[in-house]
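Please look over the sequence and the model shown here before reading the briefing that follows.

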2 protein chains.
Amino acid sequence: MTDDTPWLDAHEQHAWRSWLAVRAELSPVLNRELQADVDISLSDFDVLVQVTESDEGRVRVAALAEALRWDRSRVSHHVTRMSRRSLVVREECDDDGRGAWVVVTPEGRDAIERAAPGHVRAVRRLVFDALSPDEVRTWAALTDKVLARLRADEA
Amino acid sequence: MTDDTPWLDAHEQHAWRSWLAVRAELSPVLNRELQADVDISLSDFDVLVQVTESDEGRVRVAALAEALRWDRSRVSHHVTRMSRRSLVVREECDDDGRGAWVVVTPEGRDAIERAAPGHVRAVRRLVFDALSPDEVRTWAALTDKVLARLRADEA
DNA sequence: GCAACTTAGGTGACGTGTCAACTATTCCCC
DNA sequence: GGGGAATAGTTGACACGTCACCTAAGTTGC
(Lines give C-alpha, C1' and ligand atoms only; values in the text may rest on other atoms or scores of the structure.)
Protein backbone atom coordinates (compact mmCIF):
# COMPACT_ATOMS: atom_id res chain seq x y z
CA MET A 1 0.00 0.00 0.00
CA THR A 2 2.29 2.73 -1.22
CA ASP A 3 1.06 6.22 -0.61
CA ASP A 4 0.29 7.40 -4.10
CA THR A 5 -3.26 8.12 -2.94
CA PRO A 6 -4.45 11.61 -3.66
CA TRP A 7 -5.93 12.99 -0.44
CA LEU A 8 -9.37 14.56 -0.80
CA ASP A 9 -9.35 18.08 -2.18
CA ALA A 10 -10.97 20.94 -0.28
CA HIS A 11 -14.41 20.51 -1.82
CA GLU A 12 -14.41 16.79 -1.34
CA GLN A 13 -13.33 17.15 2.25
CA HIS A 14 -16.06 19.65 2.81
CA ALA A 15 -18.64 17.38 1.25
CA TRP A 16 -17.40 14.43 3.24
CA ARG A 17 -17.43 16.19 6.58
CA SER A 18 -20.87 17.54 5.93
CA TRP A 19 -22.16 14.12 5.01
CA LEU A 20 -20.61 12.58 8.11
CA ALA A 21 -22.21 15.24 10.28
CA VAL A 22 -25.69 14.76 8.85
CA ARG A 23 -25.26 11.06 9.11
CA ALA A 24 -24.23 11.31 12.73
CA GLU A 25 -26.91 13.76 13.77
CA LEU A 26 -30.06 12.96 11.85
CA SER A 27 -30.88 9.41 12.86
CA PRO A 28 -30.43 9.92 16.57
CA VAL A 29 -32.97 12.73 16.49
CA LEU A 30 -35.50 10.68 14.53
CA ASN A 31 -34.86 7.77 16.80
CA ARG A 32 -35.43 9.74 19.96
CA GLU A 33 -38.66 11.24 18.67
CA LEU A 34 -40.01 7.87 17.69
CA GLN A 35 -39.00 6.45 21.04
CA ALA A 36 -40.62 9.30 22.93
CA ASP A 37 -43.82 9.20 20.85
CA VAL A 38 -44.56 5.53 20.56
CA ASP A 39 -41.69 3.72 22.25
CA ILE A 40 -40.36 2.04 19.15
CA SER A 41 -36.98 2.46 17.44
CA LEU A 42 -36.26 3.52 13.88
CA SER A 43 -35.40 -0.09 13.10
CA ASP A 44 -38.71 -1.26 14.51
CA PHE A 45 -40.39 1.34 12.35
CA ASP A 46 -38.59 0.15 9.24
CA VAL A 47 -39.55 -3.45 9.88
CA LEU A 48 -43.15 -2.52 10.56
CA VAL A 49 -43.31 -0.54 7.32
CA GLN A 50 -42.19 -3.56 5.35
CA VAL A 51 -44.51 -5.95 7.08
CA THR A 52 -47.60 -3.78 6.99
CA GLU A 53 -47.08 -2.69 3.39
CA SER A 54 -47.44 -6.25 2.17
CA ASP A 55 -51.00 -7.41 1.99
CA GLU A 56 -51.32 -10.40 4.26
CA GLY A 57 -49.33 -8.43 6.83
CA ARG A 58 -46.51 -10.91 6.70
CA VAL A 59 -43.12 -11.16 5.05
CA ARG A 60 -40.44 -13.79 4.76
CA VAL A 61 -37.23 -13.15 6.65
CA ALA A 62 -35.13 -13.16 3.49
CA ALA A 63 -37.41 -10.63 1.81
CA LEU A 64 -37.18 -8.40 4.84
CA ALA A 65 -33.42 -8.68 4.79
CA GLU A 66 -33.24 -7.71 1.16
CA ALA A 67 -35.67 -4.83 1.41
CA LEU A 68 -33.87 -3.33 4.39
CA ARG A 69 -30.43 -4.40 3.22
CA TRP A 70 -29.79 -6.04 6.55
CA ASP A 71 -28.22 -9.41 6.85
CA ARG A 72 -30.43 -12.30 7.86
CA SER A 73 -28.83 -12.61 11.22
CA ARG A 74 -29.66 -9.05 12.07
CA VAL A 75 -33.23 -9.55 10.93
CA SER A 76 -33.49 -12.65 13.03
CA HIS A 77 -32.20 -10.95 16.16
CA HIS A 78 -34.39 -7.95 15.59
CA VAL A 79 -37.50 -10.02 15.03
CA THR A 80 -36.75 -11.86 18.25
CA ARG A 81 -36.58 -8.57 20.13
CA MET A 82 -39.71 -7.23 18.47
CA SER A 83 -41.65 -10.36 19.20
CA ARG A 84 -40.65 -10.10 22.84
CA ARG A 85 -42.58 -6.84 22.75
CA SER A 86 -45.43 -8.35 20.74
CA LEU A 87 -44.98 -6.08 17.74
CA VAL A 88 -44.65 -9.08 15.44
CA VAL A 89 -44.74 -12.84 15.71
CA ARG A 90 -42.98 -15.60 13.83
CA GLU A 91 -45.06 -18.14 11.99
CA GLU A 92 -43.88 -21.20 10.21
CA CYS A 93 -44.05 -21.43 6.48
CA ASP A 94 -45.97 -24.23 4.78
CA ASP A 95 -44.37 -23.85 1.36
CA ASP A 96 -40.85 -24.12 2.65
CA GLY A 97 -40.12 -25.96 5.84
CA ARG A 98 -36.98 -23.93 6.41
CA GLY A 99 -38.73 -20.63 6.03
CA ALA A 100 -40.44 -18.32 8.50
CA TRP A 101 -43.01 -15.58 8.19
CA VAL A 102 -42.77 -12.40 10.16
CA VAL A 103 -46.33 -11.39 10.91
CA VAL A 104 -47.45 -8.05 12.26
CA THR A 105 -49.66 -8.14 15.35
CA PRO A 106 -52.48 -5.71 16.13
CA GLU A 107 -50.11 -4.00 18.57
CA GLY A 108 -47.55 -3.63 15.79
CA ARG A 109 -50.11 -2.15 13.46
CA ASP A 110 -51.25 0.19 16.14
CA ALA A 111 -47.71 1.29 16.89
CA ILE A 112 -46.84 2.16 13.33
CA GLU A 113 -50.12 3.94 12.78
CA ARG A 114 -49.49 6.07 15.78
CA ALA A 115 -45.85 6.62 14.83
CA ALA A 116 -46.11 7.45 11.15
CA PRO A 117 -47.58 10.96 11.16
CA GLY A 118 -45.09 12.27 13.68
CA HIS A 119 -42.23 10.58 11.92
CA VAL A 120 -43.14 12.08 8.57
CA ARG A 121 -43.51 15.45 10.22
CA ALA A 122 -40.06 15.09 11.73
CA VAL A 123 -38.45 14.12 8.43
CA ARG A 124 -40.08 17.06 6.75
CA ARG A 125 -39.04 19.45 9.49
CA LEU A 126 -35.46 18.22 9.71
CA VAL A 127 -34.70 17.68 6.06
CA PHE A 128 -37.13 18.90 3.47
CA ASP A 129 -37.92 22.21 5.05
CA ALA A 130 -34.29 23.04 4.35
CA LEU A 131 -34.61 22.53 0.60
CA SER A 132 -36.63 23.95 -2.28
CA PRO A 133 -38.43 21.50 -4.57
CA ASP A 134 -35.67 21.97 -7.12
CA GLU A 135 -33.02 21.30 -4.56
CA VAL A 136 -34.79 18.16 -3.45
CA ARG A 137 -34.63 16.84 -7.00
CA THR A 138 -30.98 17.73 -7.35
CA TRP A 139 -30.12 16.23 -4.01
CA ALA A 140 -31.96 13.02 -4.88
CA ALA A 141 -30.21 12.78 -8.24
CA LEU A 142 -26.77 13.13 -6.67
CA THR A 143 -27.53 10.72 -3.88
CA ASP A 144 -28.71 8.26 -6.52
CA LYS A 145 -25.42 8.55 -8.32
CA VAL A 146 -23.50 7.74 -5.18
CA LEU A 147 -25.84 4.86 -4.47
CA ALA A 148 -25.38 3.44 -7.95
CA ARG A 149 -21.60 3.63 -7.59
CA LEU A 150 -21.81 1.98 -4.22
CA ARG A 151 -23.96 -0.87 -5.46
CA ALA A 152 -21.77 -1.40 -8.50
CA ASP A 153 -18.85 -1.75 -6.14
CA GLU A 154 -20.54 -4.20 -3.83
CA ALA A 155 -21.28 -6.58 -6.67
CA MET B 1 -51.76 14.42 16.80
CA THR B 2 -54.39 14.98 14.13
CA ASP B 3 -53.44 13.79 10.70
CA ASP B 4 -53.16 17.03 8.81
CA THR B 5 -49.61 16.06 7.93
CA PRO B 6 -48.80 16.21 4.24
CA TRP B 7 -47.14 12.93 3.31
CA LEU B 8 -43.91 13.29 1.33
CA ASP B 9 -44.40 13.99 -2.36
CA ALA B 10 -42.85 11.73 -4.98
CA HIS B 11 -39.59 13.63 -5.22
CA GLU B 12 -39.21 13.86 -1.51
CA GLN B 13 -39.90 10.20 -1.11
CA HIS B 14 -37.37 9.39 -3.74
CA ALA B 15 -34.77 11.59 -2.06
CA TRP B 16 -35.52 10.10 1.31
CA ARG B 17 -35.28 6.50 0.17
CA SER B 18 -32.07 7.18 -1.64
CA TRP B 19 -30.58 8.84 1.40
CA LEU B 20 -31.63 5.95 3.62
CA ALA B 21 -30.07 3.49 1.23
CA VAL B 22 -26.74 5.29 1.07
CA ARG B 23 -26.80 5.70 4.79
CA ALA B 24 -27.43 2.02 5.30
CA GLU B 25 -24.89 0.78 2.79
CA LEU B 26 -21.91 3.09 2.88
CA SER B 27 -20.67 2.84 6.45
CA PRO B 28 -20.74 -0.93 6.66
CA VAL B 29 -18.49 -1.15 3.61
CA LEU B 30 -16.02 1.38 4.99
CA ASN B 31 -16.15 -0.36 8.31
CA ARG B 32 -15.42 -3.78 6.89
CA GLU B 33 -12.52 -2.49 4.84
CA LEU B 34 -10.94 -0.81 7.83
CA GLN B 35 -11.48 -3.90 9.89
CA ALA B 36 -9.92 -6.13 7.26
CA ASP B 37 -6.98 -3.79 6.65
CA VAL B 38 -5.94 -2.74 10.10
CA ASP B 39 -8.44 -4.32 12.48
CA ILE B 40 -9.96 -1.10 13.72
CA SER B 41 -13.51 0.19 13.39
CA LEU B 42 -14.72 3.40 11.80
CA SER B 43 -15.31 4.76 15.29
CA ASP B 44 -11.78 3.88 16.32
CA PHE B 45 -10.60 5.67 13.22
CA ASP B 46 -12.59 8.78 14.05
CA VAL B 47 -11.25 8.90 17.58
CA LEU B 48 -7.70 8.38 16.38
CA VAL B 49 -8.06 11.20 13.86
CA GLN B 50 -9.11 13.59 16.61
CA VAL B 51 -6.40 12.54 18.98
CA THR B 52 -3.54 12.50 16.51
CA GLU B 53 -4.55 15.78 14.87
CA SER B 54 -4.01 17.66 18.11
CA ASP B 55 -0.37 18.37 18.80
CA GLU B 56 0.47 16.72 22.09
CA GLY B 57 -1.40 13.67 20.83
CA ARG B 58 -3.99 14.02 23.54
CA VAL B 59 -7.52 15.37 23.87
CA ARG B 60 -9.95 15.88 26.70
CA VAL B 61 -12.98 13.62 26.75
CA ALA B 62 -15.40 16.54 26.44
CA ALA B 63 -13.55 17.93 23.42
CA LEU B 64 -13.67 14.53 21.78
CA ALA B 65 -17.37 14.30 22.48
CA GLU B 66 -18.02 17.66 20.92
CA ALA B 67 -15.85 17.09 17.87
CA LEU B 68 -17.46 13.75 17.11
CA ARG B 69 -20.91 14.77 18.35
CA TRP B 70 -21.03 11.78 20.60
CA ASP B 71 -22.22 11.96 24.15
CA ARG B 72 -19.67 11.70 26.90
CA SER B 73 -20.86 8.32 27.94
CA ARG B 74 -20.29 6.91 24.51
CA VAL B 75 -16.82 8.43 24.42
CA SER B 76 -16.05 6.97 27.79
CA HIS B 77 -17.14 3.48 26.82
CA HIS B 78 -15.31 3.68 23.54
CA VAL B 79 -12.10 4.89 25.14
CA THR B 80 -12.32 2.01 27.58
CA ARG B 81 -12.58 -0.46 24.72
CA MET B 82 -9.80 1.20 22.76
CA SER B 83 -7.49 1.24 25.73
CA ARG B 84 -8.12 -2.45 26.22
CA ARG B 85 -6.53 -2.79 22.80
CA SER B 86 -3.77 -0.30 23.61
CA LEU B 87 -4.77 2.18 20.92
CA VAL B 88 -5.06 4.96 23.47
CA VAL B 89 -4.58 5.40 27.21
CA ARG B 90 -6.28 7.57 29.78
CA GLU B 91 -4.18 10.03 31.72
CA GLU B 92 -5.29 12.22 34.52
CA CYS B 93 -5.49 15.91 34.07
CA ASP B 94 -3.50 18.27 36.32
CA ASP B 95 -5.51 21.39 35.50
CA ASP B 96 -8.84 19.85 36.37
CA GLY B 97 -9.08 17.04 38.86
CA ARG B 98 -12.30 15.79 37.29
CA GLY B 99 -10.87 15.71 33.80
CA ALA B 100 -9.13 13.03 31.79
CA TRP B 101 -6.87 13.08 28.79
CA VAL B 102 -7.19 10.56 26.02
CA VAL B 103 -3.66 9.96 24.78
CA VAL B 104 -2.71 8.13 21.61
CA THR B 105 -0.19 5.33 21.99
CA PRO B 106 2.47 4.36 19.45
CA GLU B 107 0.23 1.45 18.47
CA GLY B 108 -2.63 3.87 17.90
CA ARG B 109 -0.50 6.12 15.76
CA ASP B 110 0.71 3.16 13.81
CA ALA B 111 -2.82 1.91 13.25
CA ILE B 112 -4.15 5.15 11.87
CA GLU B 113 -1.13 5.67 9.67
CA ARG B 114 -1.64 2.27 8.17
CA ALA B 115 -5.38 2.78 7.89
CA ALA B 116 -5.60 6.25 6.40
CA PRO B 117 -4.45 5.71 2.82
CA GLY B 118 -6.77 2.78 2.26
CA HIS B 119 -9.64 4.55 3.90
CA VAL B 120 -9.24 7.63 1.73
CA ARG B 121 -8.99 5.43 -1.30
CA ALA B 122 -12.21 3.71 -0.30
CA VAL B 123 -14.08 6.97 0.24
CA ARG B 124 -12.92 8.21 -3.11
CA ARG B 125 -13.86 4.99 -4.84
CA LEU B 126 -17.27 4.68 -3.22
CA VAL B 127 -18.37 8.28 -3.26
CA PHE B 128 -16.35 10.80 -5.17
CA ASP B 129 -15.72 8.72 -8.23
CA ALA B 130 -19.47 8.92 -8.77
CA LEU B 131 -19.51 12.71 -8.96
CA SER B 132 -17.94 15.43 -11.08
CA PRO B 133 -16.18 18.31 -9.28
CA ASP B 134 -19.24 20.45 -9.88
CA GLU B 135 -21.53 17.83 -8.51
CA VAL B 136 -19.37 17.50 -5.42
CA ARG B 137 -19.79 21.20 -4.74
CA THR B 138 -23.52 21.04 -5.26
CA TRP B 139 -23.89 17.98 -3.10
CA ALA B 140 -21.87 19.61 -0.34
CA ALA B 141 -23.94 22.78 -0.49
CA LEU B 142 -27.20 20.87 -0.20
CA THR B 143 -25.92 18.66 2.58
CA ASP B 144 -24.81 21.80 4.39
CA LYS B 145 -28.30 23.21 4.14
CA VAL B 146 -29.78 20.13 5.70
CA LEU B 147 -27.13 20.18 8.38
CA ALA B 148 -27.84 23.79 9.21
CA ARG B 149 -31.55 23.07 9.48
CA LEU B 150 -30.83 20.10 11.69
CA ARG B 151 -28.58 22.04 14.01
CA ALA B 152 -31.03 24.92 14.22
CA ASP B 153 -33.64 22.42 15.32
CA GLU B 154 -31.48 20.78 17.96
CA ALA B 155 -30.83 24.09 19.68
C1' DG C 1 -32.87 -42.84 -3.82
C1' DC C 2 -29.09 -41.07 -1.72
C1' DA C 3 -24.79 -38.19 -1.23
C1' DA C 4 -23.10 -33.53 -2.04
C1' DC C 5 -24.44 -28.95 -2.22
C1' DT C 6 -27.12 -24.94 -1.45
C1' DT C 7 -30.38 -22.18 0.97
C1' DA C 8 -33.36 -20.40 5.11
C1' DG C 9 -32.95 -19.15 9.23
C1' DG C 10 -31.30 -19.11 14.18
C1' DT C 11 -27.63 -18.77 17.93
C1' DG C 12 -23.77 -17.21 20.87
C1' DA C 13 -20.16 -14.23 21.61
C1' DC C 14 -18.77 -9.99 21.53
C1' DG C 15 -18.28 -5.01 20.05
C1' DT C 16 -21.18 -0.80 19.93
C1' DG C 17 -24.73 2.94 21.45
C1' DT C 18 -28.09 5.02 24.78
C1' DC C 19 -30.10 6.25 28.97
C1' DA C 20 -30.24 7.11 33.73
C1' DA C 21 -27.88 7.25 37.81
C1' DC C 22 -23.65 8.06 40.24
C1' DT C 23 -18.98 10.19 42.12
C1' DA C 24 -15.76 13.60 42.35
C1' DT C 25 -14.36 18.13 41.48
C1' DT C 26 -14.81 22.92 40.64
C1' DC C 27 -17.52 27.20 40.64
C1' DC C 28 -20.08 30.69 42.67
C1' DC C 29 -21.59 33.57 45.84
C1' DC C 30 -23.16 34.76 50.25
C1' DG D 1 -14.65 29.68 53.78
C1' DG D 2 -18.61 26.76 53.36
C1' DG D 3 -22.72 24.99 51.09
C1' DG D 4 -25.36 24.44 46.94
C1' DA D 5 -25.26 24.30 41.82
C1' DA D 6 -22.93 23.13 37.74
C1' DT D 7 -19.50 20.27 35.29
C1' DA D 8 -16.26 16.12 33.97
C1' DG D 9 -16.32 11.82 33.56
C1' DT D 10 -17.66 6.80 34.66
C1' DT D 11 -20.71 2.93 35.29
C1' DG D 12 -24.43 -0.62 34.66
C1' DA D 13 -28.19 -2.22 32.31
C1' DC D 14 -29.86 -3.13 28.25
C1' DA D 15 -30.92 -2.51 23.06
C1' DC D 16 -28.56 -3.01 18.69
C1' DG D 17 -25.19 -5.09 14.92
C1' DT D 18 -21.76 -8.29 13.12
C1' DC D 19 -19.35 -12.37 12.58
C1' DA D 20 -18.68 -17.16 12.52
C1' DC D 21 -20.88 -21.11 13.02
C1' DC D 22 -24.86 -24.38 13.35
C1' DT D 23 -29.19 -27.06 11.99
C1' DA D 24 -32.69 -28.32 9.10
C1' DA D 25 -34.83 -28.44 4.82
C1' DG D 26 -34.79 -28.27 -0.10
C1' DT D 27 -32.07 -29.26 -4.71
C1' DT D 28 -29.24 -31.67 -7.96
C1' DG D 29 -27.14 -35.29 -10.35
C1' DC D 30 -25.57 -39.72 -10.54
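**Briefing: DNA surface and chain contacts**

Each of α1, α3 (61-68) and α4 (72-84) of chain A, together with α2 (42-53) and α4 (72-84) of chain B, supplies at least two residues of the surface near DNA strand C, where helices (H or I, at least four residues) and strands (E, at least two) are DSSP runs numbered from the N terminus and a residue is near if its C-beta atom, placed from the backbone, lies within 6 Å of the strand. This is a predicted model, in which local features need pLDDT of at least 70 and side-chain atom pairs count only at pLDDT 80 or more, while totals for chains, interfaces and linings use all residues. Residues are numbered from 1 along each chain as its sequence is written, and chains are lettered from A and ligands numbered from 1 in the order in which they are written.

**DNA strand C**
- DNA strand C is surrounded by 29 residues, of which the closest are A:A62, A:S73, A:S76, B:S73 and B:G97.
- The largest share of this surface, 6 residues, comes from α4(A).

**Chain A with chain B**
- In chain A, 50 residues are in contact with 50 residues of chain B, contact meaning C-beta atoms, placed from the backbone, within 7 Å.
- On the side of chain A that touches chain B, two or more residues each come from α1 (10-38), α5 (106-126) and α6 (133-154) of chain A, and the largest share, 18 residues, is from α6(A).

**Packing of α6(A) and α1(B)**
- The contact includes A:W139 and A:L147 of α6(A) and B:W19 and B:L26 of α1(B).

Technical notes. Contact = placed C-beta atoms within 7 Å.
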